[in-house]
Structure formats: structure tokens, C-alpha cells
Amino acid sequence: MKDPRKTDLAGLSPADQPIPMRQQIAYAVSEIAVNPIYTITLTFLTFFYTDVLGLNAALVGAIILVSKVFDGISDLWAGNLIDHTHTKAGSARPWILRSAVLLAISYVILFTVPAGGNICKAIYIFVSYNFAMTIAYTITSCAINAMPVYMSNDSSSRASAYSIRMIVAGVVQMIFSMVCLNIVDAFGGGQRGWILMSTVFATISLIVLLIMYFGTREYVTEVEQPTEEKLPFRVAIFAVLKNKYWFLVFGVVMVIVFHQVATLTVGVYYAKYVLFDENLAGGLVTYHHLGAGVGMLAMPFILSNNISKKKIVIGSAWLMLAGAALALINSTGICLILSLALRGCGFGLTNSLYYGMLADSVDYGEYKTRIRAAAVTTSAGSVGLKLGSGLGTALLGFALWATGYDGLAVKQAATAVSCIRIIFIAVPFVLYIALLILMHFYDLDEMLPKIKEELAQRSQKEGTQQ
């Protein structure tokens, strides 16, 4: 067997070589396993709780908000757990295998809410939601997010791996959003229909995670960390807190998730109470995701032209602003379709990049603090996703409750319908302005070559001293 510490004919160690395309694809298909449960919690779960189970929207929002606090903290714990894992299979990769069954169970228990009073239902929702998202999804997603950092030191191929994964994510999210309610109806509707639908995707999830595990390999762990001492969690956290680019990318992720809540979660309510057909929700999501697909498919070609990540995100923000402005002018017909497509295209571009930006922030963190906490640093992606979706869902729930929304009512109060309109049409405009402000302070792209050169010199010096 070839020693992973030896270089190949090109003079590069396996850790410095680009990630092989077949492994990038095996990595990317992980979204088939994890994206449906993410889409469920982001787009459909609140609707299930309010309009199928009949729970108060504010109660649902409060449960999810409190759960997301635990959920966000658990990402840092999971990242630290991964950083402290050193096995023959790697650091992040073993947790893909270990969490596969837990994630499959999570799909189903979200919908098996027992009959009983609201307090009984609320307790079950809190426990099941936290098992699913705080434990199972957290471990799985943190491992997936960290994988490219452990697979290669090559920044371009890491960005490519993340980009391909986001393309798969967009396709999966679009298809799942389109067919989810139809599958539920095909299984007879009601709570039983949701349970059967989740069982199907739980099975798919288990199979796909096994494919990912056996189709990938970690090279950075093999070559560079065979005897690495355990990094204390407190030290890793303090190192991350000194990383300004961690915070900037965290802000980008929060904006992206608020965008999804305002567009996709609220889109279900917008379809039902403004367009008067809840099945049109799939259409709204489709227009958004078709635009996102264009952005994601364009990303490899954009990256091949060496356009900086900062310029790409700024361009995507202007695309989304154009879409938001169009919806402010006219939120019906072709204008609504074009608005969603433009917002989706900008979302697709940024969504394809932020994990690559996080991977770059790992290098900056090591450069600044001499501490490389890869999984804890990349956990910013999932922390932002979870806290953003939790806060966004909670604010939505409280807003609906405050305006008189009743999920079991045949007709909603005019104030509730106006609230849905405002969140769906006006709020995104503010979000995209915030994205432009964040990127004004992001200049890591220009610094990265110097940082990598310095890190290489440090590594060479340390190797010589040994």
C-alpha cells in the first residue's frame, strides 16, 4: 500500500492534491439524505403543526426558538467532537456512519405526535424536535460540512466540492418541495400521510449516507494529524471568537436562512391564504429553485475564471435585490415568477459559496491563532442555519399569532393575511441590503495566497525542527 506521506509524481502529497471528482460526487449526494429533513423543518413542519395538528402558531414558534438555542450550541459541541476524533476512517467520516440510523429515525418521529391535549403535544414536539435536530441532524451535518477540509488542503477543489453539493441540494430541495404535499395526499393525507411520507425518505437517507461513507476518504487527517494532541474545546472556541471572517460568514448564513424562511416557509401560507391554493406552494418553490439551479450550475464556471468569492456574493445580493424590488412593484403573475427566479438565482450563488468561505476561514484562523479547529470553525454554517431558521420561524409564529392567525380557521383575519404578504414581499428587501453591508468588510480572498504561503512555511519549519 502506498504511504500517504509520500508525494506523487507531481510532487504533491495526497493532502495537497485536489479532491478526486468521484469523491466530490460521493460527497455531494449526502444532500439527498439530509436536505429533505432540513426542508421539512424549514418549509413544512410549522405548517404541519398549525394546520394539521391545530397548535397555536406562537406556541410552535416558542418551542422551535428554544430548541434552536440548544441546536446551535450542539453544533459547536459536535464540531469539537469531530476535531477530537482520530480513527483509521478519519475525523469527520466516521460520524457519517455513526449518525445514519439516528437521522433515519428522526424523519419519522417528527410526525408521530401522539393524540392528546396541547401540553402533551408540545412536550412531545420539544423532545422529538431536539432528538432530530439537536442530536441526529447536528452530528450528521457537522460531519458533512467539515469533510472537504479533511479531504484536501486545495482551496479550489474544496470550493468545487461544496459547490457540487449545493447544486445537488438545490435540485433535491426543489423536487422535494414540489412533491412533498402530493406524496402526503397520495398516502391519504392527514397525520398518517405525513408519517408514511417521512418513512420513505428515512429509508432513502440511510442508504445514501452509506454510499457517501464508502465513496469518500480523508487525506489531510492521514497525512498531517496522525499524532495530533486533543485540542481543548475552550481553546477551540476562543480561537474561533478571534476569527473575524467566521463572524462575517456566520452573518451571511443568517441572511440566507432568513431569506429561506421569508420565501419558502411563508410561501406555503402565501399560497394558501393569498393565492387560495396551498398546492401552489410547490410552484412558488419551483420558481425559486429553478433560479437557484441556474446560479448553482453557473458556479463552477464562475470559479474557473478566478472571480473572487466576495464579488460573487455581492453580485448575488444585487440579483436578489432586483427580485425583491420587482415583487414590491407587483406581487402577482409573471412579476412574481421573475421575482422568485431572481431571488433564487442570487440565493443559489451565495448558497454554493459560504461553506467554501468557511473553509477559507479555517486557514485564516490557523494563521492568526496557530490553532486549526477545522470542524468547530466550519460548524458556523450549521449554527447559522439552525439559529437563523429557529429565530425566523419563531418571529413568524409570533407575528401570525399577534395578527390573529388560526390554522384551523376556514378564513383568516385580514391582519394575518397582511402579515403574510409583508413577510413574503417586503422583508427580503431588507435582508439583501444587510448582505451587501456584510460583504463590504470581507477581504479574505485577497489575503488567502499570503496566508497559505505563511502556513506552508510554518509547516516546513516545524517539520525541519522535528
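**Before starting**

I am working with a predicted model, where local features need pLDDT of at least 70 and side-chain atom pairs count only at pLDDT 80 or more, while totals for chains, interfaces and linings use all residues. I number residues from 1 along each chain as its sequence is written, and my side-chain values use heavy atoms, with hydrogens and water left out.

**Entry: the α6 and α7 pair**

I began with two helices; for me helices are DSSP runs of H or I with at least four residues, numbered from the N terminus. Two packed helices are described by the angle between their axes and the distance between the axes. How do α6 and α7 pack? I found helix α6 (residues 155-186) and helix α7 (residues 190-215) at an angle of about 130 degrees, with axes 8 Å apart. The axes here are lines fitted to C-alpha atoms, for helices over the stretch in contact, and the angles run from 0 to 180 degrees between N-to-C directions.

I therefore wrote the pair down as oblique. My scale is under 35 degrees for roughly parallel, over 145 for roughly antiparallel, 65 to 115 for roughly perpendicular, and oblique for the rest.

Next I listed who makes the contact (heavy atoms within 4.5 Å). From α6 come Phe176, Cys180, Leu181, Ile183 and Val184. From α7 come Gly190, Gly193, Trp194, Met197 and Phe201.

**Entry: Ser163**

I stayed on α6, which also holds Ser163. Is Ser163 buried or exposed? It is buried, at a relative accessible area of 1%. I call a residue buried under 20% relative accessible area, exposed over 50% and partly exposed in between, using a 1.4 Å probe and protein chains only. Leaving aside neighbours within four places in sequence, I see Ser163 in contact with Met296, Met299, Pro300 and Ser352. I also checked Ile125, which is 38 residues from Ser163 along the chain, and their C-alpha atoms are separated by 34 Å.

**Entry: Ser316**

My next serine, Ser316, sits in helix α12 (residues 309-329). Ser316 is buried, with 0% relative accessibility. What does the side chain of Ser316 reach? I found the backbone oxygen of Val313 at 2.6 Å. Beyond its neighbours within four places in sequence, Ser316 is in contact with Gly346, Leu349, Thr350 and Leu435.

**Entry: Asp360**

I then moved to helix α13 (residues 333-369), where Asp360 lies. Asp360 is buried too, its relative accessible area being 1%. Which residues does Asp360 touch, not counting those up to four places away in sequence? I noted Ser155, Arg158, Lys309, Leu444 and Leu448.

**Entry: cysteines**

How many disulfides does the structure hold? I count 0, taking a disulfide as a pair of cysteine sulfur atoms within 2.5 Å. Cys335 is in none, and the nearest cysteine sulfur, on Cys345, is 18 Å away. Cys345 is likewise in no disulfide, with the sulfur of Cys335 as its nearest at 18 Å. I have both down as buried: Cys335 has a relative accessible area of 19%, and Cys345 has 16%.

**Entry: two alanines**

Ala236 is in helix α9 (residues 233-241) and is buried, at 0% relative accessibility.

Ala456 belongs to helix α17 (residues 444-465) and is partly exposed, with a relative accessible area of 46%. From Ala456 to Ser67 I read 42 Å, C-alpha to C-alpha, across 389 residues in sequence.

Most residues other than glycine have a negative phi. Where is Phe276 placed? I located Phe276 in the loop between α10 (244-273) and α11 (281-304). Phi of Phe276 is positive, near 65 degrees, and the residue is exposed, with a relative accessible area of 69%.

Asn306 gave me a positive phi as well, near 60 degrees. I found Asn306 in the loop between α11 and α12, and it counts as exposed at 71% relative accessibility.

Methods. A polar contact is a pair of N or O atoms within 3.5 Å; within protein, one must be able to donate a hydrogen and the other to accept it, and residues adjacent in sequence count only if both atoms are side-chain atoms.
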